[in-house]
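Please find below some remarks on the structure under review.

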Amino acid sequence: MGSKTIIDKKLFLLIASIFILTGFMFQKPDYLKMITATELNQVMQKEDILLIDVHTPEQQHIKGTDLVIPYNEIEKYQDKLPKDKNSAIYLYCQGGPMGEAAAKSLYELGYRNLYNLEGGAKAWRKAGLDFE
C-alpha cells in the first residue's frame, strides 16, 4: 500500500470518528420528550398542563404559560414546582436549547415526566399559534 492510501484511510477514520462522536453529543437525553407546537397545542386544548417559559431574557409568552423561570435558576423556584415528581412539565424557550438545559436541572431534582417544545417559541409562532 502506498503512503497516500494509508494517509487517506487514517483521514477517513478520523473524520468518521468525529461525525460519530458529535452525533452522540447532540442526541436528546432519554429523560426528555420532544413535542411539536401542534402536539403541544392539542394537549393544551384537552388538559390543564404546567407550561413553563425558561427563556432568558424574558420574551413574549405562549398563551397559557403558567410560570416564567430562567433556565439557569430552576433550583431557586422549587417551591413553585409540583410536589409530585411524576407530574408532566412542559418547557419552552425561544428555540429549544434553554428548555433542554432546564429539563436537565429538573431531572436532577427528580422530575421524570418532562417535555420540551421542539423549536421553541419560534416554532409556536411559525405554526400561527397564540401568544399572550
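1. A123 touches A37 and E118, with residues up to four places away in sequence left out of the count; contact here means heavy atoms within 4.5 Å. The model is a predicted one, in which local features need pLDDT of at least 70 and side-chain atom pairs count only at pLDDT 80 or more, while totals for chains, interfaces and linings use all residues. Residues are numbered from 1 along each chain as its sequence is written, and side-chain values use heavy atoms, with hydrogens and water left out.

2. Helix α4, residues 120-126, contains A123. Helices (H or I, at least four residues) and strands (E, at least two) are DSSP runs, numbered from the N terminus. A123 counts as partly exposed because its relative accessibility is 22%; buried means under 20% relative accessible area, exposed over 50%, and partly exposed in between (1.4 Å probe, protein chains only). From C-alpha to C-alpha, A123 and G95 are separated by 7.6 Å in space and by 28 residues in sequence.

3. H55 belongs to the loop between β2 (50-53) and β3 (67-68). With a relative accessibility of 15%, H55 counts as buried. Leaving out residues up to four places away in sequence, H55 touches Y92, C93, Q94 and M98. For Q94, the backbone nitrogen is reached by the side chain of H55 at 3.3 Å.

4. The loop between β2 and β3 also holds P57. The peptide bond from T56 to P57 is cis, with omega near -5°. Most peptide bonds, by contrast, are trans.

Terms used:
Polar contact = N/O pair within 3.5 Å; in protein donor to acceptor, adjacent residues only side chain to side chain.
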